[in-house]
Amino acid sequence: SGSGVSLQVALWDGTKVLTGEAEFIYTAGRLELNKIEIKGVSPKLSINASTSGDPILDFQDSGNTKAELFYDTVFGDEKFVIRAYGVDTVFERAVGTPSLTITSGGNVGIGTTTPFGTTTNRTCLSVNGTNDASINMGVGNVQKAYFYTSATETHLSTVGAMPLSLDINGVPKLTISSVGLATFTPSGEYA
């Protein structure tokens with residue numbers, strides 16, 4: 001025998017009585033949970049779409065979807081998607097310490113929640129450091145060039161003796177190498 005509240009999941013209390021648990025409610029073909037805690041040595045939560053649909057983790061506020069995490073296979077492009085609706089997406093390395101922000105307008109901030117240098121019709125990548133910042137570029141996981149700035153200076157540099165070229169449409173117009181500066185005959189002059 002048991003007792004409880006209608007539409008609540010029965011909870012075994014260690015005796016012969018089953019009672020309702022207000023945190024678990026079954027309604028409209030779904031189980032509503034106020035809180036989930038998964039414990040164990042290797043805890044796992046699986047969301048399995050058994051048909052051709054996408055498994056989705058949906059975050060809502062008052063019934064309105066605010067963000068989603070899902071694995072997209074519907075359009076033939078397999079990808080993991082993080083989607084936020086009308087809000088910024090922030091990745092934190094510790095509580096309150098953002099490491100990457102993607103604003104609802106598409107601007108990206110590394111080390112800042114407010115990408116700078118933004119203006120109308122311009123999408124920006126902002127890299128903010130405490131003392132200085134560097135954007136490093138490489139091939140085969142080996143650094144080949146970098147763009148560096150501090151409070152007092154800025155550098156665009158290659159690593160080793162690689163030349164640095166300024167190109168227009170893939171054609172070198174100015175090259176700086178370890179022996180000096182090389183210019184190319186321009187096809188026109190500017191006044």
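Start by selecting glutamate 68 and arginine 83: they form a salt bridge, and their closest N and O atoms are 3.4 Å apart. Keep in mind that you're looking at a predicted model. Side chains of opposite charge can pair when their charged atoms come close. This structure holds one salt bridge.

Now color the strands around that pair. Is glutamate 68 buried or exposed? With a relative accessible area of 11%, glutamate 68 is buried, whereas arginine 83, at 34%, is partly exposed.

Next stop: a sheet. Select strands S7, S8, S9 and S10, and you'll have an open sheet of four strands in the order S7-S8-S9-S10, with mixed pairing. Look at the edges, where S7 (89-94) and S10 (125-127) each have a single partner strand, so one side of each is left without a neighbour in the sheet. From one strand to the next, the twist averages 20°.

Zoom in on S8 (residues 97-102) and S9 (residues 108-110): these strands run antiparallel and are joined by three bridges. To see a bridge pair, pick leucine 100, whose partner in S9 is isoleucine 110.

Last, click on threonine 89, back in strand S7. Its relative accessibility is 18%, under the 20% cut-off, so threonine 89 counts as buried. Leaving aside residues up to four places away in sequence, threonine 89 touches Ile82, Ala84, Leu100, Thr101 and Ile102.

Notes
Residues numbered from 1 in each chain as written. Predicted model: local features only at pLDDT ≥ 70, side-chain atom pairs only at ≥ 80, totals over all residues. Heavy atoms only, no water. Pairing = 2+ DSSP bridges. Helix = DSSP H or I, 4+ residues; strand = E, 2+ residues; numbered from the N terminus. Axes fitted to C-alpha atoms, helices over the stretch in contact; angles between N-to-C directions. Buried < 20%, exposed > 50% of the residue type's maximum accessible area, 1.4 Å probe, protein only. Contact = heavy atoms within 4.5 Å. Salt bridge = Lys/Arg side-chain N within 4 Å of Asp/Glu carboxyl O.
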